[in-house]
Amino acid sequence: MEREELRAWLRLVLTPHVGPVTARTLLRSLGSPQAVWEAGPAAWARLVSAREAASLAQVPPDLDVQCAATLAWLDSDPAATDGEGGHHLLTLADARYPSRLLEVANPPLLLFAQGRLSLLHAPAVAVVGSRHPTAQGADNARAFARALSAAGVTVVSGLARGVDAAAHEGALAAAVGGTIAVVGTGLDQVYPKGHGPLCRRIAEQGLVLSEFLLGTGPLPSNFPKRNRLVAALTQGTLVVEAAVQSGSLITARLALEMGREVLAIPGSIHSPQSRGCHALIRQGAKLVETAQDVLEELRLSEGRGTPGDAQGALSWDAAEADEAPTDPVLQAMGFDPVSQEALSARTGWGPAELGARLLELELLGQVARLPGQLFQRVGAA
């Protein structure tokens, strides 16, 4: 992109009181961003409000700085000859701009991207959920994402802690369908900061995407905007775990408003992290138990791997899941969080013996210790 073209797009984005809807009105009537600025105040006054026209007449003070930073960012990691990998800037007029976003009422004028642009046009499922999932919830997110990726489906999430991170990790482990991280900051920043290594892996093997200009920090208002892109880029949204007030339910609502499917994994009736999913199911979301359920509901199975690919990539075998666990502590535990006192009553074991066995199972990765001195099985559920 030439400097003057980039400057014209950035000026549209940076102009106060001129959002994506107003910008699209100007572009539809006047053509390119350069043509918008060449048209002048008289043309603007016919198309937008007096307040917006007055804003258009003022050059944003940080325009030159932002233009220089964006050009430097693009030059720092140029794309390969096939257009994949590296840094990209997609405008609303770019043929590579994802068509699914054009269905949104206010699609971003600019998209900053790092990685595999082809994933923007691939079959995709959003996998979202709690930032503080149970051990089982994190395992489910990882297993479903791995299965979906193994079946050739791109997993889209928001790089947040908890379910989002587990979903990205699961998709990367399969390394077939890939994963897209839609972030709420500029691409020169990482949030949460501890996700730097994960973000780099996604940029190398998948795609990191943002509508926010370079230098944009993690402002609270950014994340609902990020969520609408997560929902829009996919055929459906899978909610793994969510409390009733979870931001994941915002993503689910946005998906429904866009005509996308919403799916949810049920959980324990005693877990606050399952109540959001149960509420969605009561409202008509599809209850799913396996990744194959997701593929079939979204009609993504045909030609994208066999049902066995989706089942086998889960963290347990379906036949084994029907068998009772041979360990008496696991058998007494069931699948809900449980206290050591309750387990002692169920098994008849004393505190010392039971505590030692719980520690063994925890070290083996079969049991997780939860807040409130509770324990829960990890794995088949």
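1. In which loop does Arg299 lie? Arg299 is in the loop between helix H13 (291-297) and helix H14 (307-312); helices (H or I, at least four residues) and strands (E, at least two) are DSSP runs, numbered from the N terminus. The phi angle of Arg299 is near 55°, a positive value in a residue other than glycine. With a relative accessibility of 74%, Arg299 counts as exposed, where exposed means over 50% relative accessible area, buried under 20%, and partly exposed in between (1.4 Å probe, protein chains only).

2. Basis of the note. The model is a predicted one, in which local features need pLDDT of at least 70 and side-chain atom pairs count only at pLDDT 80 or more, while totals for chains, interfaces and linings use all residues. Residues are numbered from 1 along each chain as its sequence is written, and side-chain values use heavy atoms, with hydrogens and water left out.

3. Confidence. The average pLDDT (the predictor's confidence in each residue, from 0 to 100) is 90 for the protein, and 92% of the residues score at least 70. Residues 303-324 have a pLDDT below 50, and beyond near neighbours in sequence this stretch has 31 contacts in the model; a contact means heavy atoms within 4.5 Å. Where pLDDT is low, the predicted coordinates should not be read in detail.

4. Overall build. The protein has 18 helices and 12 strands. Its C-alpha atoms fill a box of roughly 85 × 40 × 40 Å, taken along the principal axes. Of the 381 residues, 52% are buried. Among contacts between residues at least 6 apart in sequence, 70% join residues at least 24 apart.

5. Helix H10. Which part of helix H10 (residues 222-232) is buried or exposed? The helix is mostly covered, with 9 of its 11 residues buried. Among the buried residues are Asn222, Phe223, Arg226 and Arg228. The cover over the buried residues of H10 includes strand E2 (110-115), strand E3 (124-128), strand E4 (154-157), strand E5 (179-182), strand E7 (236-239) and helix H11 (247-257).

6. Met258. This residue sits in the loop between H11 and strand E8 (261-264) and is partly exposed at 23% relative accessibility. Leaving aside neighbours within four places in sequence, Met258 is in contact with Val104, Arg228, Ala231 and Ala232. Arg228, Ala231 and Ala232 are among the buried residues of H10. The C-alpha atoms of Met258 and Ala167, 91 residues apart along the chain, are separated by 23 Å.

7. Side chains of opposite charge can pair when their charged atoms come close. The whole structure holds 11 salt bridges, each a side-chain nitrogen of Lys or Arg within 4 Å of a carboxyl oxygen of Asp or Glu. One of them joins Arg7 and Asp64, at 2.2 Å from N to O. Arg7 belongs to helix H1 (residues 3-14) and Asp64 to helix H6 (residues 63-76), so the pair ties together parts 57 residues apart in sequence. Both ends are partly exposed: Arg7 has a relative accessible area of 24%, and Asp64 is at 44%.

8. Salt bridges within helices. Arg142 pairs with Asp139, the closest N and O atoms being 3.2 Å apart. These two residues lie in helix H7 (residues 135-150), 3 residues apart, about one turn of the helix. Asp139, Arg142 and Glu169 are linked in a network of salt bridges. In H11, Glu257 and Arg253 are 4 residues apart, about one turn of the helix, and their side chains meet in a salt bridge (3.0 Å, N to O). Glu257 is exposed at 57%, whereas Arg253 is partly exposed at 43%.

9. Backbone points. Tyr191 and Pro192 are joined by a cis peptide bond with omega about -5°, and Pro192 is in the loop between E5 and helix H9 (196-205). His17, in the loop between H1 and helix H2 (20-30), has phi near 70°, a positive value in a residue other than glycine.
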